[in-house]
Amino acid sequence: MLLITAPAWLQAKPLIVCTEASPDGFDIVRYNSLTTSNASGDVIFNQLVRYDEATSMLAPSLADRWKVSPNGLSAIFNLHPNVSFQTTEYFKPSRTLNADDVLFTFHRMLDPHHPWHKIVGNSGFPHAQSMNLPKLIKSVTKIDDLTVKFELSEPNAAFVSILTMPFASIYSAEYASQLEVAGRQDRMNSRPVGTGPFILKSYTDDAVIRYDVNPTYWGRKPQINQLIYSITPDAAVRAQKIKSGECQIALSPKPQHVLAAREDKLLKVVQTPAFMTAFVALNTQHKPLDNNKVRKALNIAFDRKTYIKTVFSDTAVAAVNPYPPNTWSYNKEIEPYTYNIEQAKQLLSDAGYPNGFEAAIWVRSSGSVLNPNPKAGAELLQADLNKIGIKTQIKVVEWGQLIQDAKQGQHDLLFMGWSGDNSDPDNFLTPQFSCASAKAGINFTRYCNPQLDKWIADGKRTTHQPTRTKLYVAAQKMIHDKALWIPLAYPSTAVLMRNNVSGYRPSLFGRQDYSNVKIN
């Protein structure tokens, strides 16, 4: 008897991933949360270049190759030929990817006169604004159908690395034109079209996202036939769902769930050190947090050792600087603030607040890699600050609303975290501490210092790493001395999986890639 084996794609199975929160939307250029990147930029779209974590190098994506001019003032990208945009119920492309799509993507976010620029509303273009890209990028021009040239106002060593970030995903100019003619530009946020491995099929808010495999995907075709995000804010419920087989991958587990999964023969844990930092941002535009002595008092009053043990079950490393110690330019000379209640009281008194003051602690409602137990962490900070006379109210806010309100500077103390998208230190420094980012809202301290801003800017103007290191070391010292954050932890990324799942690799940046995942 002749046995005929069905094609691999017919044998593929759906992959169900238990995620921790709903995305803000799918028009990724408008948002800056990792949750939204995972649901949009990582699966629906591609960028010109990508960061290969295995080699720690930039690698081709929609651009086969690129060349930066010797003076650092221009970069030419050669596009991969015959890349198809996704065909959906609401859009059928008549052509493949070309330079016009790249021009639309960047002109939209950079040119205030572009017809699509103001359509995003109050959210704006947070990454582009925080990195001051409208000022950096002088022009984006088409050399031919598959060649695009960026001209910069000054050299920027991090420029190509920036283009690996989800906000730099390439959009279809043809689809945008179709929406504009119909007067339905708003649909870009709910009916996205990209070049990525998965097509958005449906989304039920706070419940489920369904994706189909893109049959015309230009890269390696996924080995699953459908991707489903089961939105499950409670980490305990995510742990139960993967144990019962309701999902094959569970993101952002709590440390105790990781330990339990290691003892379960049906499960496995994949883990990697993360290029992330958890912190409490202190809003320097709110009194009395504009006072350096007050901010130092808060740092000294917080018992980080107890926090790491309680929230991370000692699976994270206490943070000192804005980015983890395995990053080049990390300032090893900086000593962390030492827990000392009496010294904190004295600093408050010296600042003119001997009886303390009132403030609000903002924290997300659901757990994440950067904050596995938001409620417990906030209560620990509240109790410690109470010891020095600071009366705080804990304000628990749903993730999407938290980001929106924090960008507007409504918070006092904000439990937050930052995940880098590449290994360049600037990926932390510019978004979190530059003046442009303070204006854009991603710099949650809302602190703008001309000298700090200059060190960060000068660090991007040269590719000479020793020079960049010197500037970044100085920047880290100022950030520490000004006590802009209460640094919390450098976590590791852990993911729970069923034993029949293979091909998944956790990202140190928290990004998600399911294109190589297989269910056996």
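Trainee: Which element gives the most to the lining of the second largest pocket?
Mentor: The model is predicted. About 480 Å³ of space lies in this second largest pocket. Strand E3 (57-60), helix H6 (159-162) and helix H18 (465-481) each give two or more residues to its lining. The top contributor, with three residues, is H6.

Trainee: How many residues of the lining of the second largest pocket are charged?
Mentor: The lining holds 26 residues, with Ala157, Ser161, Asp424, Thr463 and Arg468 closest to the pocket centre. The nonpolar residues number 11 and the polar ones 11. The charged residues number four.

Trainee: Which strand gives the largest share of the lining of the largest pocket?
Mentor: The largest pocket has a volume of about 1100 Å³. Of its 33 lining residues, Arg50, Tyr51, Asp52, Asp513 and Ser515 are the closest to its centre. The lining divides into 10 nonpolar, 14 polar and nine charged residues. The largest share is three residues, and the strand is E2 (residues 49-52).

Trainee: Which residues in the range from Phe198 to Lys201 is Tyr211 in contact with?
Mentor: Neighbours within four places in sequence are left aside. Tyr211 then has contacts including Phe26, Ala39, Gln226 and Tyr229.

Notes:
Residues numbered from 1 in each chain as written. Predicted model: local features only at pLDDT ≥ 70, side-chain atom pairs only at ≥ 80, totals over all residues. Heavy atoms only, no water. 1 Å grid on protein atoms, 1.4 Å probe; cavity = no way out; pocket = protein on both sides within 12 Å on 5 of 7 lines; lining within 4 Å. Points joined across faces, edges and corners; volume = space filled by probe spheres on them. Helix = DSSP H or I, 4+ residues; strand = E, 2+ residues; numbered from the N terminus. Nonpolar A, V, L, I, M, F, W, Y, C, P; charged D, E, K, R; others polar. Contact = heavy atoms within 4.5 Å.
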